[in-house]
Amino acid sequence: MSRSAHPGPVDTYTVVPLRHYGLWIGTVISLAIICLIAKSLITNPVFDWPIAGKYLLHPSIMRGLGQTLLLTVTIMFLAITIGTIVAIMRLSPSTILNAFAGAYIWFFRGAPALIQLIFWFNLSMVVREVSITLPFVGTLFTAKTNDFMTPFVSAVVALSLHEAGYMAEIVRAGINSVGKGQTEAAGSLGMTRRMTLWRITLPQAMRFIVPPTGNETINLLKTTSLVTFIAVNDLLYSAQAIYARTFETIPLLMVVMFWYLFVVTILSIGQYFIERYYGRSDIDQGRTLGRILGDTFKTRNRN
Amino acid sequence: MAPKPSYLKDLGVPEDSIVFARGVRKSFGSLEVLRGVDLNVPKGTVACIIGPSGSGKSTFLRCINHLEELSGGILLVDGEFIGYDLRNGKLYEVRDRVLCKRRSNIGMVFQSFNLFSHMTALENLTEAPIRVKGVPANEAKDQAYALLKRVGLADKAEFYPRQLSGGQQQRVAIARALAMNPKVLLFDEPTSALDPELVGEVLQVMRDLAKSGMTMIVVTHEIGFAREVGDDLIFMDNGVVAEQGVPKEMIASPKSPRTREFLASVC
């Protein structure tokens, strides 16, 4: 910037900033609310923080947390697998496969998770036993539905199917985001459709699939608290079991809330890095772990 | 070499034919894009196809490697139906695997390059030879380096497509097609998406390829290239071959009025 050719009054005026009264009022109200909440949290005896502290690492709370994490991981793994298959069916040239996948998404994504959960838990009312019978050979295998549909299994089945409905849409959008030219190029090189899907389309779709999948994982973690309804020993259920005895309801809910927020925070941090990895700028720096870490902590040398 | 199938003689396919089209038709719904294309491209020659947009030249090119299914007529590449098997006077559609095996003999270069954006230039070249032909990885890599050198990009092997200019991307795309050792190379307006100053480097690679005896079919707007490199010039209009001849003669004195009109508009 060059100096003005005509020094003089230009530099002598004082700039008076615009007063944002609305902003000030908002700030004052926010501060007041924060103070009120803080006061209540500290002084209201109902919160009873020492009790909450006592239960924070209680063995049965820890077991519940473990169960919640196990549910989240298992369900997410199954949901991604089923969702990918449904998405591929949805994009198939066969009208029947396409319609089947559409109906799947419509139903399992549309019906409330809690209702699906209770339904699967009560599957034995619909199907008393499962058996495989071959003509001329006889029955190979019989099992009572109640024997294998434990609360945990019902929870996994119900929420996996529900979550897979969401994952199918995410994977489908990801696959659609890869240009038609890529599949044509692969085809012209003699790659089969399956090879093209696994080697060309899906790897490129990943940058669109991963970020929303991170969101879904966080969502699912919280949704698993519904399994309390069918008596799976998850985090919330463990806390309920304690406060049903001791009536220390609020402190235990605080403990549960702490653990959910703790895990969500860790997942959010992980998601941030994964998104950065897949959303790298248009100039690709390569894909090694060293590069990602280097990029994250700004240790990469510039050449 | 396997004996030539007997139908070739019945169809009147010349001995040295690589691409042979007779009455090729293609419709998209009610829109008839190709209305009976006849063409023969002998081994080792370069055929340049020109024509106004919508004349069906790109569609015809895509029919050759079965990216588009024919609606009628016959189309043979090195004596083979690409998407079909002829048995007892009927054309049976072939399985994906067979189609892909036959397609691997036909290289294609696209207007928009279509390099695999998640792979380096080198990986773009080795992917299909390793996966489709089962070439050992080391061998594929050596061959890929040699091809990149041939198109003048030996130093760009580890670059991703996004880090390359349009001209460089198209040269990689040509090298990728060559990596499969195709019998014929199809070019779909290979320079149309390029900045003017990048057109030359791609045309130079194509010129060298033509000199090396590669059979090429080039859909192009580069009349200069067609005149210099082409053995045959084909003018397509309204879904048929309107005129065909030796490029120099045809450009100097076109016979059909439509050709004359088109050449006047592009030269």
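**Figure legends: chains A and B of a predicted model**

**View 1. Contacts, elements and surface of chain A.** In chain A, residues 24 or more positions apart account for 69% of the contacts with a separation of 6 or more, a contact meaning heavy atoms within 4.5 Å. This is a predicted model in which local features need pLDDT of at least 70 and side-chain atom pairs count only at pLDDT 80 or more, whereas totals for chains, interfaces and linings use all residues. Residues are numbered from 1 along each chain as its sequence is written, chains are lettered from A and ligands numbered from 1 in the order in which they are written, and side-chain values use heavy atoms, with hydrogens and water left out. Chain A contains 14 helices and 2 strands, these being DSSP runs numbered from the N terminus (helices H or I, at least four residues; strands E, at least two). Of its 303 residues, 36% count as buried, that is, under 20% relative accessible area with a 1.4 Å probe and protein chains only. The chain exposes about 19000 Å², of which carbon and sulfur atoms supply 68%, by the Shrake-Rupley method with a 1.4 Å probe.

**View 2. Overall form of chain B.** Chain B has 10 helices and 12 strands. Its radius of gyration is 19 Å, close to the 18 Å that the globule rule gives for 267 residues, so chain B is as compact as a globular protein of that length; the radius is taken over C-alpha atoms, and the rule is 2.2 Å times the number of residues to the power 0.38. Along its principal axes the C-alpha trace of chain B spans about 50 × 50 × 35 Å. In chain B, residues 24 or more positions apart make up 64% of the contacts with a separation of 6 or more.

**View 3. Burial, surface and charge in chain B.** The mean positions of its 33 positive and 32 negative charges lie 3 Å apart, with Lys and Arg counted as positive, Asp and Glu as negative, and His and the chain ends not counted.

**View 4. Helix α2 of chain B.** Because 7 of the 8 residues of helix α2 (residues 57–64) of chain B are buried, this helix is largely enclosed by the rest of the structure. The buried residues of α2(B) are B:K57, B:T59, B:F60, B:L61, B:R62, B:C63 and B:I64. After α2(B) comes B:H66, whose phi is positive, near 65 degrees.

Notes. Charge placed at Lys NZ, Arg CZ, Asp CG, Glu CD. Buried < 20%, exposed > 50% of the residue type's maximum accessible area, 1.4 Å probe, protein only.
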